Amino acid sequence: MRSSRPIPFIKCQGYGNDFILIEEGQLRGLKSPYAEFAVQICTRKFAGGADGLIVWTAGKKAAEFSARIFNAD
């Protein structure tokens, strides 16, 4: 998985778990399924490193959103 552009993300943690959060629009043009991308980006010491990936999408109202969670494994 190589990207021709950087993908902005947020990394957060709580209760011993850490996640990479990416807005779904930033993943346009991604050639691999999100589950495969999660394995690649969550690999510690070689990528962002995390327990999982959260891909979120903004809703129609300011406080609405949906999210999908992908485990690193």
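Biologist: Hi! I'm taking exposed to mean over 50% relative accessible area, and buried to mean under 20%. On that scale, is tyrosine 15 buried or exposed?

Modeller: Keep in mind that this is a predicted model. Tyrosine 15 has 87% relative accessibility, so it counts as exposed.

Biologist: Where does tyrosine 15 sit in the chain?

Modeller: Tyrosine 15 lies in the loop between strand 1 (10–14) and strand 2. Its backbone deserves a look too: tyrosine 15 is not a glycine, yet its phi is positive, at about 55°.

Biologist: What about lysine 45, what is its phi?

Modeller: Lysine 45 has a positive phi of about 75°, and it is not a glycine either. You'll find lysine 45 in the loop between helix 1 and strand 3.

Biologist: And why does lysine 45 count as exposed?

Modeller: Its relative accessibility is 84%, and the cut-off for exposed is over 50%, so lysine 45 counts as exposed.

Biologist: Switching topic: aspartate 18. Where is that one, and is it buried or exposed?

Modeller: Aspartate 18 belongs to strand 2, which covers residues 17–23. With 12% relative accessibility, aspartate 18 counts as buried, because buried means under 20%.

Biologist: Which side chains make a polar contact with the side chain of aspartate 18?

Modeller: One is lysine 11, whose side chain makes a polar contact with the aspartate 18 side chain at 3.5 Å. The side chain of arginine 44 makes another, at 2.9 Å.

Biologist: Leaving aside neighbours within four places in sequence, what else is aspartate 18 in contact with?

Modeller: Besides Lys11 and Arg44, the list has Cys12, Gln13, Gly49, Ala50, Asp51 and Gly52.

Biologist: OK, on to the strands. In which sense do strand 2 and strand 3 pair, parallel or antiparallel?

Modeller: Strand 2 and strand 3 are parallel, and they pair over five bridges. To get from strand 2 to strand 3, the chain passes through helix 1 (residues 34–41) in a right-handed β-α-β crossover. If you want a place to look, glutamate 23 stands opposite tryptophan 56 in strand 3.

Biologist: And how do strand 3 and strand 4 pair?

Modeller: Antiparallel this time: strand 3 (residues 52–58) pairs with strand 4 (residues 65–71) over seven bridges. The link between strand 3 and strand 4 is a hairpin of six residues. Along that pairing, valine 55 stands opposite arginine 68, and isoleucine 54 has isoleucine 69 as its bridge partner.

Biologist: Last topic, the largest nonpolar core. Which residues touch the most other members?

Modeller: That core has 13 residues, and Ile22, Leu27, Phe37 and Leu53 touch the most other members. At least two residues of this core come from each of strand 2, helix 1 and strand 3. Helix 1 gives the most, with four residues.

Biologist: Nice. Let's zoom in on leucine 53: what is it in contact with, leaving aside neighbours within four places in sequence?

Modeller: Leucine 53 is in contact with Phe19, Ile20 and Ile22, with Tyr34, Phe37, Ala38 and Cys42, and with Arg68, Ile69 and Phe70.

Methods
Residues numbered from 1 in each chain as written. Predicted model: local features only at pLDDT ≥ 70, side-chain atom pairs only at ≥ 80, totals over all residues. Heavy atoms only, no water. Pairing = 2+ DSSP bridges. Buried < 20%, exposed > 50% of the residue type's maximum accessible area, 1.4 Å probe, protein only. Polar contact = N/O pair within 3.5 Å; in protein donor to acceptor, adjacent residues only side chain to side chain. Contact = heavy atoms within 4.5 Å. Right-handed = clockwise from strand over helix to strand, strands pointing away. Core = buried A, V, L, I, M, F, W, Y, C linked by side-chain atoms within 4.5 Å.
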